[in-house]
Amino acid sequence: MGQTDFRFGGASGVAVAKSKAASVDEAVAELAAQLPSDELALILVFLSPSYDPHHFIAEITRQFDETQVCGCTTAGELAPDGWDENSVVALAFSRADFSAAVRPILNLDSFRVEDGRRIGGELRHELLRITPQVDRGNPFGLVLIDGLCRREEAVMSAIYASLDDIPVVGGSAGDGMRFEKTWVFCDGKAHTNAALLILLNTSLPFRAFKCDNFEPSPQKMVVTEADIENRTVRELNAEPAAEEYSRMVGILDAKLDPFSFASHPVLVRVGGAYYARSIQRVEPDGSLHFFCAIDEGMVLTAATSRSLVGSTRDTFAEIRDQIGDVSLYIGFECLLRRLDAEQHQLARDMSDLYRQNRVVGFHTYGEQFGSMHVNQTFTGVAIGRRPS
């Protein structure tokens with residue numbers, strides 16, 4: 001990638017870099033050549049699992065030894081030049097426009113609601129303490145979490161309740177298509193079974209957003225038998241889960257695979273709105289393993305699709321109407337949206353749309369929005385420009 005400059009201009013308060021170098025040391029050197037080296041509040045990195053996570057976070061932390069560096073592994077990168085893989089993307093937030101407070105949440109298998117509420121409250125007060133009175137604008141939160149921990153719902157519910165309605169978005173770390181182990185980065189180390197809560201305060205205009213391209217159909221399925229802890233549905237409508245799902249969404253002759261699930265998610269209604277619940281895989285016994293929490297008695301609604309490109313373009317237009325010109329979008333997009341676009345030959349169109357709108361982030365194993373953990377969705381924060 002060399003010296004290519006992906007910065008989005010001083011008006012955004014965020015510099016962006018990317019590398020596709022073969023080695024960790026080369027990648028860190030390329031990022032360092034593209035990013036400012038001082039007066040930074042935070043560096044955020046999204047790393048392909050093709051790199052060694054421990055070596056990478058140790059080396060980039062050494063390179064930027066005066067700045068907090070955090071991030072996670074990905075299922076694909078949202079790079080300044082479009083969708084990518086086998087790369088690393090970095091965002092550097094200027095101290096002139098942002099203050100940042102970060103807290104790791106370790107050992108998620110023993111996470112308790114009171115832990116999340118305490119951490120959220122402590123971090124909110126820390127952000128207030130380190131933000132100069134004259135520079136106080138408005139805060140937003142980012143959550144990065146082990147994409148295989150199966151604790152996203154508990155973590156998000158607890159954190160959001162402690163933040164006094166601070167908007168929060170985020171993504172579940174990925175591992176490409178392997179689904180073996182994902183990592184989050186903080187304090188020079190790579191952690192699994194962990195999450196990061198990042199609070200940023202800025203005087204720049206911003207807007208948290210959520211975008212999907214699905215609407216409910218009349219087809220309903222009730223979860224009648226499930227392994228709740230492992231997010232596995234054994235029966236739908238008192239029938240074997242995979243068979244009933246295939247029948248209800250109209251996949252009668254094809255083998256169920258990630259592309260099938262990407263094209264045919266199911267929806268759950270919460271508070272009058274519908275949220276996608278995506279299936280990760282079909283098990284040998286015909287049960288369905290989900291990316292999100294499920295429960296017996298839950299009603300799943302088969303989804304119908306709207307234009308993936310059109311609905312995303314509409315979201316960008318709506319945000320511009322709200323905050324004016326957008327300098328960049330920090331984006332968290334479900335891996336299944338990418339697979340759906342590839343299956344329908346829309347990947348190039350989506351990649352071009354993201355490049356034109358300056359989207360930087362990663363493809364996820366799940367997305368966070370407010371107190372919710374969702375799937376097959378594009379969430380994030382749009383950062384506006386500093387007023388002239």
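Among contacts in the protein chain with a separation of 6 or more, 81% join residues 24 or more positions apart, where contact means heavy atoms within 4.5 Å. The model is predicted, so local features need pLDDT of at least 70 and side-chain atom pairs count only at pLDDT 80 or more, while totals for chains, interfaces and linings use all residues. Residues are numbered from 1 along each chain as its sequence is written, and side-chain values use heavy atoms, with hydrogens and water left out.

The protein chain holds nine helices and 26 strands; these are DSSP runs numbered from the N terminus, with helices (H or I) of at least four residues and strands (E) of at least two. Its C-alpha atoms fill a box of roughly 60 × 45 × 40 Å along the principal axes. The radius of gyration is 20 Å, which agrees with the value near 21 Å that a compact globule of 388 residues would have. That radius is taken over C-alpha atoms, and the globule rule is 2.2 Å times the number of residues to the power 0.38.

Of the 388 residues, 57% count as buried. Buried stands for under 20% relative accessible area, exposed for over 50%, and partly exposed for what lies in between (1.4 Å probe, protein chains only). The protein chain exposes about 15300 Å², of which carbon and sulfur atoms supply 46%; the areas come from the Shrake-Rupley method with a 1.4 Å probe, and for residues only the protein chains shown count as cover. There are 37 positive and 54 negative side chains, and the centres of the two sets lie 4 Å apart. Lys and Arg count as positive and Asp and Glu as negative, with His and the chain ends not counted; each charge is placed at NZ of Lys, CZ of Arg, CG of Asp or CD of Glu.

The interior comes next. In soluble globular proteins, nonpolar side chains tend to be buried together. A nonpolar core is here a set of buried Ala, Val, Leu, Ile, Met, Phe, Trp, Tyr and Cys residues joined through side-chain atoms within 4.5 Å. The largest such core has 35 residues, and Leu91 and Leu144 touch the most other members. Strand S2 (residues 40–47) gives the most to this core, with four residues. A second, separate core of 24 residues includes Ala17, Val28, Phe56 and Ile60. Leaving out residues up to four places away in sequence, leucine 144 touches a set of residues including Leu44, Phe46, Gly171, Ile198, Phe332 and Phe362.

Alanine 90 sits in strand S6 (residues 88–94) and counts as buried because its relative accessibility is 0%. Beyond its neighbours within four places in sequence, alanine 90 is in contact with Ala15, Val16, Ala17, Leu31, Leu35, Leu44 and Val45. Alanine 58 is 32 residues from alanine 90 in sequence and 15 Å from it in space, C-alpha to C-alpha.

Glycine 116 belongs to helix H3 (residues 113–130) and is likewise buried, with a relative accessible area of 0%. Apart from residues up to four places away in sequence, glycine 116 touches Phe111, Ala158, Ile159 and Ser162. Between strand S7 (98–105) and H3 runs the loop that carries serine 110, a residue that is partly exposed at 47% relative accessibility. Serine 110 and asparagine 193 are 83 residues apart in sequence, yet 9.8 Å apart in space, C-alpha to C-alpha.

Asparagine 193 itself lies in the loop between S11 and strand S12 (195–202) and is partly exposed at 21% relative accessibility. Its phi is near 55°, a positive value in a residue other than glycine. Aspartate 187, in the loop between strand S10 (184–186) and strand S11 (189–191), also has a positive phi near 55°. Aspartate 187 is exposed because its relative accessible area is 53%.

Towards the end of the numbering, glutamine 343 is found in helix H8 (residues 335–343) and is partly exposed, with a relative accessible area of 35%. Glutamine 343 touches Phe259 and Ser263, not counting residues up to four places away in sequence. Its C-alpha atom is 8.9 Å from that of alanine 262, 81 residues away in sequence.

A loop can also hold a buried residue: threonine 377 lies between strand S25 (372–374) and strand S26 (378–384) and counts as buried at 1% relative accessibility. Setting aside residues up to four places away in sequence, threonine 377 touches Lys210, Cys211, Asp212, Phe332, Glu333, Cys334, Arg337 and Glu367. Phe332 is also one of the residues that leucine 144 touches.
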